[in-house]
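Student: I have a model open on my screen and I'd like to learn how to read it. Can we start with the secondary structure of one chain?

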Amino acid sequence: MAADKVDPIHQFHITKILPINVGHYDVSFTNSSLFMAMTVIAATAFLILATSGRSMVPNRWQLVAEMSYSFVANTLRDAAGKAGMKFFPMVFSLFMFVLVANLLGMIPYFFTITSHIIVTFCLAMLVISTVVIYGIWKHGFHFFGLFVPSGVPAALVPLVTMIEVISFLSRPISLSVRLFANMLAGHITLKVFAGFVVTLSAAGVAGMAGAVLPLAMAVALTALEFLVAFLQAYVFTVLTCMYLNDAIHPGH
Amino acid sequence: MVERPTDASPGGPGSSKDDEEELARRLERLGESLETRRAAEEAENRKGRSSGFAQATKVASEFVAGVIVGAGIGWGIDKAAGTSPWALIVFLLLGFAAGVLNVLRSEGVVADAGARLREAEPKETRRPDRDGDRPAP
Amino acid sequence: MASNVNTTAEVHHGGAEHGGAFPPFDSSTFASQILWLAITFGLFYVLMSKVVLPRIGGILEARHDKIAKDLEEANRLKADSEAAGAAYEKSLAEARKKAQAIASETRSVLNAALDAKRHEAESSLSTKIAAAETAIAGIKAKALAEVDGIAIETAETLVSTLAGESVGRDEVAAAVAAVTAK
């Protein structure tokens, strides 16, 4: 068990709980799937239970639920205007899903689904596909005006357009890499410091004295990671809103 | 004969004077709190949000994402057209440029493609800054 | 001991987890993760958009309406009380004006009555004084006339008593008149 604690990568391993195979694909129910389900259950249960009172003067939990609602609504309205509010359920779901997944991951021995690039990439792709599909559906060919800059010499237009397209395509990657890298790096760092504490305190009195510093670091990092867990969910939401804004108002 | 209620003897009409003052004070307080509420409501409507966090992961992910996409497109074209390694080289360079553009954009040095195109139309929305990322440790 | 456990753990992972690849980049788990993410997130989206968001939105809406209504009510009541205060002030001022008018009117009426009474008293007094003066003048004249008569009679009596002879009344009267004329 001590070895598990010291190995900072172990926490990201995916273990099968219920092996399922569909054709060539291994779609087993894994610990990752379990925590996805737990994220959904935890977030939904919290939001429903917190608002069960439906009181005029909210209690603490209802206030948290209401605050997350108005927070996402304000962010979306600020970034994408009134027209963006039709995406509110999607943006809110993304925010709550990422936030609750990040926070659940902070609990010791829990799996952090957002520390896997494929999960964050899928969420980012969901956003970008929404932007592209809605943009083309709403504005047709006009939507591609997003990639053609104005005020650039004609000779450079193809080059700049190419760069703009790559820049646009890099959005889901940067969006997912950022969330993934933050969660991964945070959890590895935490694990490493926690490992120091365990290893040093196992080495007697002097070791315990020496473990104080890494312990303090681990505590500080935990606090920081909670902040990061929220902040990354927020950044993900803000960027989602801004990309949606491009789909709603792609210019003339 | 001309008896003003304000300078009459204390006791009877005197207490009505106190009542009057008290009422005036309460009215004033009510007016103030109503005003504060309205101001707060208005402030809430156009509240700006700016986070003071600027971080390396943001810049890194923006840049790396550009390069990755460029390399991916180049690799794909090479694979499809058998032009290896020329498309990879060209698109890696373009990806590099896009990465730099991403970074400049996320730092607000260069206007967003959308924002630049939208300049002509009146902006009804305010774009929040993109500075929110990992806090400075 | 610890290193022993460590190696066995690594061996275990190496066996079960596809050659110990860095788990987040282990593509053999991607299919499962994508599928389950789609299922769970889809479910989450449906739950949010059909149940949770209408619920919270309804609560917020209701509160917003209530607050707006209460604020309006408070504003209205404030305006009402201000109007009532103004009406009170106005009626107070009116009452003062009225009271002043009544007072001055009363004062002038009383003054007039007083003046009339004084005039009456003065005039009756002066008539009385005039009557008294005439009466006094009459009495005085009468008395003066009687003084002559008495003087004549006294002189006549004195003369008759002292001289023993009767003197003619006319003579006496002439003599008295001569004396009093001096």
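Tutor: Chain B has 4 helices and 0 strands, where helices (H or I, at least four residues) and strands (E, at least two) are DSSP runs numbered from the N terminus. Bear in mind that this is a predicted model, where local features need pLDDT of at least 70, side-chain atom pairs count only at pLDDT 80 or more, and totals for chains, interfaces and linings use all residues. Residues are numbered from 1 along each chain as its sequence is written, chains are lettered from A and ligands numbered from 1 in the order written, and side-chain values use heavy atoms, leaving out hydrogens and water.

Student: What percentage of the residues of chain B count as buried?

Tutor: Buried means under 20% relative accessible area, exposed over 50%, and partly exposed in between (1.4 Å probe, protein chains only). Of the 137 residues in chain B, 28% are buried.

Student: And what is a nonpolar core?

Tutor: In soluble globular proteins, nonpolar side chains tend to be buried together. A core here is a set of buried Ala, Val, Leu, Ile, Met, Phe, Trp, Tyr and Cys residues joined through side-chain atoms within 4.5 Å. The largest one has 67 residues, with Phe92(A) and Leu123(A) making the most contacts inside it. Helix α4(A) gives the largest share, 13 residues.

Student: Which residues does Phe92(A) touch?

Tutor: Leaving out residues up to four places away in sequence, Phe92(A) touches Leu47(A), Ser68(A), Tyr69(A), Val72(A), Met48(C) and Leu53(C); contact means heavy atoms within 4.5 Å.

Student: Is Leu104(B) buried or partly exposed?

Tutor: Leu104(B), in helix α3 (residues 86-106) of chain B, counts as partly exposed because its relative accessibility is 32%.
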